[in-house]
Amino acid sequence: MSALTVERATWASRIGFACALAAMAALVAVPFTGNAGLMRMIVELTALLVLAQMWNLLAGYAGLVSIGQQAYVGVGGYALIVLADDLGVNPFLAVPLAGLVAATLALPTALVVFRFRGGYFAVGTWAVAEVYRLLVANTDALGRGTGRTLKAVFPLARETRELGTYALAVAIGLAAIGAVYFYLRSRQGLGLMAIRDSEPASESLGVDVFRTKLAVYLIAAFGTGLTGALIYLNLLRISPDAAFSINWTAYTLFIVVIGGLGTLEGPLLGTLLFFAFREVLADYGAWYMILLGLLAVIAMLRFPQGLWGLVAARWGIHVFPVRRRVRRPG
Amino acid sequence: MAWLDTVLQGVLLGGLYALFATGLSLIFGVMRLVNLAHGDFSILAAFLAVVAVGTWSINPLLALVVVAPLMAALGYALQWLVLDRLLGRGMLPAVLVTFGFSVIIQNGLLELFSADSRRLNPGGIETASLALGGGLAVGWFSLLTFAVAVLLLAALHLLIGRSAIGRAFRATSDDDATAALMGIDTRRLHGLAMALSLAIVAVAGVFLGIRTTFTFSSGPDRLLFAFEAVIIGGLGSLWGTLVGGVILGVAQTVGAKLSPGWGVLTGHLVFLAVLLLRPSGLFAPSRRVDS
């Protein structure tokens with residue numbers, strides 16, 4: 001008789017780990033090139049990647065299809081400006097604090113939107129995001145419809161600000177991927193994946209569905225708010241229409257759906273594809289959004305697990321093994 | 001008197017919102033589908049009316065004779081080719097795909113018609129008003145909109161409650177699989193429900209386009225107002241939807257009168273208040289499509 005073993009690492013995860021180390025080395029090297037444009041692009045790419053990971057956690061794992069995550073992008077951005085400009089907090093420190101502000105507001109928000117089931121949750125979250133936008137647009141202290149400019153960074157040299165923003169973005173990106181990975185591998189993550197597969201079955205086995213979903217909603221709000229602050233630390237200028245734009249959710253949704261819903265690798269692949277699409281079609285106006293929309297619709301019809309799902313099914317590659325696989329020796 | 005006038009305008013505006021809400025509520029009732037592109041379809045219809053008016057120099061209301069069947073055909077085709085394949089896989093794929101439609105329609109309209117705002121001109125009726133005495137007056141067009149909304153709701157009520165196809169709608173709503181066993185072609189029925197939904201929203205879109213200016217991105221707000229009217233009124237109640245639309249309309253006009261920036265926001269806040277106080281809406285649901 002031989003004992004069964006539980007295997008968690010895969011050969012791809014070992015190669016993936018090596019690739020991740022190489023990518024990290026490359027990211028550390030970028031500032032030494034002094035290419036500010038490249039650094040700004042990596043900040044933007046990281047921001048979208050984190051937004052995508054957070055939305056994936058919500059929709060792909062917890063089954064909470066929110067169309068209102070732009071609420072937390074906006075809250076994070078405005079929290080950064082209020083904390084740094086009005087309360088004198090260091091702007092770089094204000095970024096994680098802005099995430100906390102978003103998570104704090106997410107708790108009462110959850111009590112409202114969790115009343116919606118299924119498809120109506122999507123529209124309900126969208127309506128609540130509009131409430132946030134209109135409240136901000138009607139508040140004098142937040143600059144009403146015109147918005148505000150982040151002034152706290154003006155005393156800093158441009159190079160210092162750019163390097164600080166870049167370093168913060170890279171740290172946030174790595175931390176987000178790491179956090180999602182370890183969360184999914186944890187006991188709570190196992191419960192979450194059980195909920196994704198079958199809500200009644202997981203509940204009958206003792207998973208607290210409501211608390212797990214609420215936890216995921218708050219985590220996603222924190223990550224999204226943090227990213228919103230990062231985005232506006234990079235852009236410096238904020239307005240309610242841009243910060244609370246549905247486009248934030250549209251971009252992340254397309255990234256996740258095309259890349260692969262409910263996988264950690266999908267949003268990574270999707271973010272790279274999104275950027276490639278946008279750069280290639282930069283001269284054709286809104287066509288990249290139309291094409292991404294079509295691609296997302298086709299993905300849902302033909303390959304609902306996304307492009308990464310196709311790769312994983314074809315070659316059995318899992319760079320981030322969050323599943324447990326039972327093996328018999330030999 | 002000024003306040004009475006504001007409330008009256010809100011009530012009439014509510015008729016338009018009920019028109020938007022009916023189509024949304026219908027397809028949710030029949031196949032549990034939430035169409036996130038609902039508002040964008042109405043704006044698409046308004047732009048089609050712009051084209052029809054430009055091509056044949058006709059009244060935009062007459063353009064509906066072409067636009068509504070065209071939207072119905074589009075609805076049937078999309079349901080048949082895309083959405084029906086997603087039902088039965090949970091709500092997630094359908095929500096994501098209709099959101100994809102929303103983005104495709106908006107950006108498509110942006111590419112074809114630019115970001116300029118448009119308006120449909122019905123030749124005078126939109127500015128004519130009826131004096132009610134005591135300084136009160138209502139626009140003929142607002143009255144017409146409200147009357148059309150009530151008539152359409154009544155017709156839909158009869159269709160669902162009294163006709164064979166209405167019975168099939170209700171049966172499919174209650175239990176899709178059993179309805180199919182009893183010989184109902186549910187796929188065709190889903191197509192018809194979506195066709196009906198988009199034909200109604202085409203009417204709503206053209207009336208909206210006569211009432212106010214619109215752009216390629218006017219859709220999402222229409223979806224939200226429609227959704228709020230449905231939730232305030234209570235899911236599954238057609239007349240509740242009308243009352244829901246009226247409450248939302250009044251909240252918006254009263255809010256806008258208090259402070260210009262607060263119209264839409266007040267509507268949203270009233271919706272949230274109803275949701276928190278009466279989660280199932282003001283008109284308690286019976287689990288059927290009709291009231």
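## The end of helix 14 in chain A

Helix 14 of chain A is followed by A:Gly316, whose phi is positive, at near 65°. The model is predicted. Helix 14 itself covers residues 306-315 of chain A. Its buried residues are A:Gly306, A:Leu307, A:Trp308 and A:Val311. What do the buried residues of helix 14 of chain A pack against? They pack against helix 11, helix 12 (265-280) and helix 13 of chain A.

## Where the two chains meet

Chain A and chain B touch. Chain A gives 35 residues to the contact, and chain B gives 35 residues. On the chain A side, three helices each supply at least two residues: helix 5 (118-137), helix 11 (246-259) and helix 13 (287-302). Which helix of chain A has the largest share of the side that touches chain B? Helix 5 of chain A does, with twelve residues. Sorted by class, the side of chain A that touches chain B has 27 nonpolar, six polar and two charged residues.

One residue shows the meeting of the chains in detail. A:Gly293 lies in helix 13 of chain A. Leaving aside residues up to four places away in sequence, A:Gly293 touches B:Gly100, B:Val103 and B:Ile104. Is A:Gly293 buried or exposed? A:Gly293 has 25 other C-beta atoms within 10 Å, so A:Gly293 is buried. The cut-off for a buried residue is 20 or more. Now look along chain A. A:Gly293 and A:Leu83 are 210 residues apart along the chain, and their C-alpha atoms are separated by 37 Å.

## A loop glycine in chain A

A:Gly143 sits in the loop between helix 5 and strand 2 (148-149) of chain A. A:Gly143 has 17 C-beta neighbours inside 10 Å, so A:Gly143 counts as partly exposed. How far apart in space are A:Gly143 and A:Arg196? The two residues are 42 Å apart, C-alpha to C-alpha, and 53 residues apart in sequence.

Chain B has a helix 5 of its own, at residues 140-162. Helix 5 of chain B has 23 residues. From its first C-alpha to its last, helix 5 of chain B reaches 32 Å. That is close to the 33 Å expected at 1.5 Å a residue.

Which residues of helix 5 of chain B are buried? They are B:Phe141, B:Ser142, B:Thr145, B:Phe146, B:Ala149, B:Leu153, B:Leu156 and B:Ile160. Several elements of chain B cover these buried residues, including helix 1 (2-31), strand 2 (136-139), helix 6 (164-174), helix 8 (186-211) and helix 10 (238-258).

## Helix 9 of chain B and two partners

Two packed helices are described by the angle between their axes and the distance between the axes. Start with helix 2 (residues 38-56) and helix 9 (residues 219-233) of chain B. They pack at an angle of about 125°, with their axes 6 Å apart. Helix 2 of chain B and helix 9 of chain B are therefore oblique to each other. Helix 2 of chain B passes helix 9 of chain B in a right-handed crossing. Helix 2 of chain B contributes B:His38, B:Gly39, B:Asp40, B:Ser42 and B:Ile43 to the contact. Helix 9 of chain B contributes B:Gly219, B:Pro220, B:Asp221, B:Arg222, B:Leu223 and B:Ala226. The residues of this contact divide into four nonpolar, four polar and three charged.

Helix 9 of chain B also meets helix 11 (residues 263-277) of chain B. Their axes come within 9 Å and cross at roughly 30°. The crossing of helix 9 and helix 11 of chain B is left-handed. From helix 9 of chain B come B:Glu228, B:Ile231 and B:Ile232. They meet B:Gly267, B:Phe271, B:Val274 and B:Leu275 in helix 11 of chain B. By class, this contact has five nonpolar, one polar and one charged residues.

## Positive phi in two loops of chain B

Most residues other than glycine have a negative phi. B:Arg32 is not a glycine, yet its phi is positive, about 55°. B:Arg32 is in the loop between helix 1 and helix 2 of chain B. B:Arg32 counts as partly exposed because it has 14 C-beta neighbours inside 10 Å.

B:Ser114 is not a glycine either, and its phi is positive, about 65°. Where is B:Ser114? B:Ser114 is in the loop between helix 4 (91-113) and strand 1 (129-133) of chain B. With 11 C-beta neighbours inside 10 Å, B:Ser114 counts as exposed.

Notes
Residues are numbered from 1 along each chain as its sequence is written. Chains are lettered from A and ligands numbered from 1 in the order in which they are written. This is a predicted model: local features need pLDDT of at least 70, side-chain atom pairs count only at pLDDT 80 or more; totals for chains, interfaces and linings use all residues. Two residues are in contact if their C-beta atoms, placed from the backbone, lie within 7 Å. Helices (H or I, at least four residues) and strands (E, at least two) are DSSP runs, numbered from the N terminus. Ala, Val, Leu, Ile, Met, Phe, Trp, Tyr, Cys and Pro count as nonpolar, Asp, Glu, Lys and Arg as charged, and the others, Gly among them, as polar. Axes are lines fitted to C-alpha atoms, for helices over the stretch in contact, and angles run from 0 to 180 degrees between N-to-C directions. Angles under 35 degrees count as roughly parallel, over 145 as roughly antiparallel, 65 to 115 as roughly perpendicular and the rest as oblique. A crossing is left-handed if the near helix is turned anticlockwise from the far one by less than a right angle, and right-handed if clockwise. The expected span of a helix is 1.5 Å times one less than its number of residues. A residue is buried if 20 or more other C-beta atoms lie within 10 Å of its own, exposed if 12 or fewer, and partly exposed in between; C-beta atoms are placed from the backbone.
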